[in-house]
Amino acid sequence: MNNQRPTATRGTLAQRLGRFFLGLIGLALFAGVFASGWTPPGMAGDVLRHNQHYEIDASPLFYSEVDHMAELEKGVQRLRERASKRTLGETEKEDIKN
Amino acid sequence: MSNGLSSLYKSEDWWAVWFGVVIFALTLGGLISRIPKIGSWTDNPLNAFASFADTGEVSGSIVLSLLGLMLGLGILTTIGISFMKAAHPGRYFAGFVGVFVLACVAYWIAHQTNIKYWGLSYALWALLVGLLISNTVGTPKWLRAGAQTELFIKTGLVLMGAEVLFRKIISLGPPGLMVAWIVTPVVVVFMFQYGKRYLKMTNLHLVIIIAAATSVCGVSAAIATAAACCAKKEDLTLAVGMTLIFTVLMMFFMPLAISGLGMDPILGAAWMGGTIDSTGAVVAAGSMLGPDAEKVAAVVKMIQNVLIGVLAFAVALYWVTVVDRQQRRKEDPSCAAPSAIEIWHRFPKFVLGFVGASLFFSFVLVPEASGGYEAVEADYIKPVTKVLRGWFFCMAFAAIGLESNFRDLASRMERGKPMILYAFGQSFNLILTLLVAYLAFMVFFPGAI
């Protein structure tokens, strides 16, 4: 990616430090709201309460970051095998009927 | 970008490849078996760095391992920086230490248990921490020397190649492929054309990043595409900000809509897997519909994730052969089509490292490994390359924050066009994915699951 010009900041050191600490407090409050365990009321908070109850980490960005991805993959494999057996069973029943 | 043989040791792209090669060689040779990561914590912030016995004494700590990691990565990247002459080595190393510490802070916030439930990843916190510094006290010169965003992103992407295993695409059979691999390219092309021709957005980099993030896998796809088309940091920041916000909203409301409509859970799971941007949010939303839906949603997303390598390669090639040429023709109408050698010179080489790592792990290492891909994942990817990739991305986002300011970000909004592009593209994605998922799981392959 292209390089950008340096970021510009204005004011005296004291003013900039003041802005920094205000920003830090803002960031801490922002993080604090999410870290507190608060969930939105009603249906909007259902997923969060579900995540809390089952301890589901919703933060992974890529599939490899999901801790139990291997189990999920194996689970799908089992579902497909079960579906395949079910289809075979139905075919056999139809053959017997015919 | 330097041309000729000297570019092998002077260009950032090649250094990203060399760093990847060194890390892969050390990992496969058994010299690196585990990379430290910041732990999860709920009430006691120190639990992120140490575990405590019942008596209150420290029973284990990762602080020394983190220092070792910082030194190791610092020394490795300083070698590259010295050859590239990108910064004074001493100043770079001091700045690198600062950026690494900011990455630790971002991980520390992101790994708080309740924050994880919200799906707010390290990328958001790293950006915010960097932006806080750059927009208040200003990023000091010593710290800016270590903010080598491009190098961190490109090295992270080469390492990510190991996680893009092509075997995964057959995990759900033909219906999974239909949902993940037919819809995704259609949405990318549709959104790019919509942004370019209908919205008439002038910043095509931002258009393709938003298109990739919406249709493939959110932040990871945004990073890969931004690097492949040499976008500006502000473009990536905007796209990542939008995708993180919409991901949380979709994780909240899609399961409710699916349950409310009385939709088949497997169909709903495939729909969410194909549309919600990040895998963690897909797993959480899928789990709301039941255990089978959780599995299907996660695997559809995983199959889509594998497209990231193909996408990065295609975008890099398209940019070099078409977009760059169009830009040059505006300045010089007689500009001819680029020759093969020119394409080679302009092509971002780290993409070759990314795709090469993916092909090597998929078709050489996995077939040779005694335990198959599960052993490769357990021995090399999960404990080493994935964690290192995360560190590089986290440092990259902290560096982006350190080099960005809100005024520049606001100037790229083009009267809200990026938001319109995201909203319209995501709506199109939702409709098309639902249609294809219905055809795949209910009409063509009804007994697949």
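**Entry 1: the interface**

I began with the buried area between chain A and chain B, which comes to about 6,300 Å², with carbon and sulfur atoms giving 63% of it. Buried area here is the accessible area (1.4 Å probe) that two parts lose on being put together, summed over both. This is a predicted model, so I kept in mind that local features need pLDDT of at least 70, that side-chain atom pairs count only at pLDDT 80 or more, and that totals for chains, interfaces and linings use all residues. Residues are numbered from 1 along each chain as its sequence is written, chains are lettered from A and ligands numbered from 1 in the order in which they are written, and side-chain values use heavy atoms, with hydrogens and water left out.

Next I looked up who takes part: 59 residues from chain A and 84 residues from chain B are in the contact, where contact means heavy atoms within 4.5 Å.

I then found 20 residue pairs in polar contact between chain A and chain B, both residues at pLDDT 80 or more. (A polar contact is a pair of N or O atoms within 3.5 Å; within protein, one must be able to donate a hydrogen and the other to accept it, and residues adjacent in sequence count only if both atoms are side-chain atoms.) On the chain A side that touches chain B, helices H1 (13-35), H2 (46-54) and H3 (69-97) of chain A each supply at least two residues. H3(A) gives the most, with 12 residues. Helices are DSSP runs (H or I, at least four residues), numbered from the N terminus. By class, I noted 29 nonpolar, 16 polar and 14 charged residues on that side of chain A; Ala, Val, Leu, Ile, Met, Phe, Trp, Tyr, Cys and Pro count as nonpolar, Asp, Glu, Lys and Arg as charged, and the others, Gly among them, as polar.

**Entry 2: salt bridges**

How many salt bridges are there over all chains? I get 15, and the count between chain A and chain B is four. The rule is a side-chain nitrogen of Lys or Arg within 4 Å of a carboxyl oxygen of Asp or Glu.

I picked out Glu65(A) with Arg389(B), whose closest N and O atoms are 2.6 Å apart. This pair crosses between chains, from the loop between H2 and H3 of chain A to helix H19 (residues 372-403) of chain B. Both Glu65(A) and Arg389(B) are buried, that is, under 20% relative accessible area, with exposed being over 50% and partly exposed in between (1.4 Å probe, protein chains only).

Glu150(B) counts as buried because its relative accessibility is 4%, and Lys233(B) is buried at 0%.

Lys295(B) and Asp292(B) pair at 3.5 Å. They are three residues apart in helix H15 (residues 291-305) of chain B, so about one helical turn separates them. Lys295(B) is buried at 17%, whereas Asp292(B) is partly exposed at 27%. I also noted that shared partners join Glu65(A), Glu163(B) and Arg389(B) into one network of salt bridges.

**Entry 3: cysteines**

I found zero disulfides over all chains, a disulfide being a pair of cysteine sulfur atoms within 2.5 Å. For Cys217(B), the nearest cysteine sulfur is that of Cys229(B), 15 Å away. Cys217(B) counts as buried, at 0% relative accessibility. For Cys394(B), the nearest is the sulfur of Cys104(B), 8.1 Å away, and Cys394(B) is buried at 0% too.
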